[in-house]
Each structure stands twice: as C-alpha cells, then as structure tokens.
Amino acid sequence: MNIKSRIVVFGSKSFVGSNLCKYLKDKNKNTLFFSKKECNFLKKSDVQKVAKKIKFNDKIIFIAAKAPAKNQIDLEKNIKMIENFCLCFSEKKFKKLVYISSDAVYADVKKITENTKIYSKSFHGRMHILREFYLKTFFDEKLLILRPTLVYGIGDPHNGYGPNKFIRLSLKNKDINLFGKGEEKRDHIHINDLTNAIFKLTDNNTLGEYNVASGNIISFYKLAKFIIKNTNSKSRIIFNKR
C-alpha cells in the first residue's frame, strides 16, 4: 500500500514557519503543524507526546527556536530544545528531517560556500553549529541541513541591520544609519524564495548540507539607496564610524 508522505513542521508560528505553512496549505499538501503552544521543546513531556503522533513516512521540518540567540541563556535554551527532540525522536521511524539553520555558522569571509569554515563568535551562530552537531549525531542518514542567508519580507518581526529595517525607516522618511560607508556586501533572500526552496528540497530525496541564497551580493549602501529610491522616501543615508 502506497502511503503519501506527510510534512510535519515544528515552529509553525515563526516568520519562516508561518510562511512555509501557508505555502504548504496552498499546495494542498498533507501536513501537520506544531507551534510552541502545541509543543514546547523545553518540556520533555510535550515532546514525548508529540513524538507518538509521528508516522514512518513523515518528513519533518524543524524550525523551532529561540531566535535570534542573543546571549548565553538563549543559547542554552536552544540546545535544550534540540536535546529533547533528539532524545524523544531517536527511536522514531520517519522518512526525513530538514533542519533550517543559518549562514551565521560560517566564518566571516567575503564569499561563502558549503566548503567555508564552520566558525562563529556570535551566540546565534554557535547555537546553530551545536544544533547541527546534535542532529548529525542522531539522524545523519536522513538529515538535510539548509543554511539560508539573511531573510527579508513582509511580516518579519526582526529589525536587524538590512532590508527590513531599511524599508521601515524609509517608509517613515527616517534616516538610514550605515556602519562605515555601507561597503560590506551581503546576500539577502526573500521569504517567498526561501519557502519555495525548503518545500522543493523537502519533497525530493536531497540530503546533506546546503546554503540557500539569491546569488546576488549587494552592499548595504547600494541596498539603502535602492530602497529610498523605490519608496519615494525623503530619508537620508548617514555614514557612521565603526
């Protein structure tokens, strides 16, 4: 009997998770979604209950996190979450596990590839490095790790340095402050492109570790200039010493 795969999403209320769940619903996929309310990964009892609902043909997408991790407490909570997942799911039979990581795991170099050294001084980067290690230890034979670059799009609650913050400032005609002369270059990926990539790579037999990016690298100065122009804003670009 051919049983269709079900896509199970943990972290369904996060920015990426909520957009992914909407995308999957639009595709009429067989799904099961869990937010923190349905499964708090800091509580082992919650995780044990949810683990019982998992079927052998399920494909799991793990996005649940305290993100961004800004300090040691955040880091420890995120590690506790992944520990509980590994302990409660290690004996479960399921088809595939997709972990949404981050390019923050890499050393700060001009061009990042999958072969770039894994090294980070930030709490957020170290959190994902440790989580990836745990998951490889338990689920390496069915694990897909995706490392998206900076994500932007409508509804993103984060206000980090980059597209989302610049757009919000520009729409209010407020000045955009850049580090240095804004010469640093980054790749930014739209949430719609990311959700499409996650779905396609989950739906096929791809395993391993992959970066998810637009392929277009732009300086923060050019990004700010583009946003101001296209929002007809009166914002000014302010250069700041580091």
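F179 has a relative accessible area of 44%, so the residue is partly exposed. That class lies between buried (under 20%) and exposed (over 50%), with a 1.4 Å probe and protein chains only. The model is predicted: local features need pLDDT of at least 70, side-chain atom pairs count only at pLDDT 80 or more, and totals for chains, interfaces and linings use all residues. Residues are numbered from 1 along each chain as its sequence is written, and side-chain values use heavy atoms, without hydrogens and water.

The structure holds 21 aromatic pairs. Y161 and F179 form a tilted one, 4.4 Å centre to centre with 40 degrees between the planes. Rings of Phe, Tyr and Trp (its six-membered ring) pair if their centres lie within 6.5 Å; planes under 30 degrees apart are stacked, over 60 edge-to-face, the rest tilted. Y161 sits in the loop between strand 6 (150-152) and helix 5 (163-171), and F179 in strand 7 (residues 176-179), so the pair ties together parts 18 residues apart in sequence. One aromatic cluster includes F10, F34, F62 and Y99.

Now the whole chain. The protein has seven helices and eleven strands, taken as DSSP runs (helices H or I, at least four residues; strands E, at least two) numbered from the N terminus. Buried residues make up 43% of the 242 residues. Among contacts (heavy atoms within 4.5 Å) between residues at least 6 apart in sequence, 77% join residues at least 24 apart. The C-alpha trace spans about 60 × 35 × 30 Å along its principal axes.
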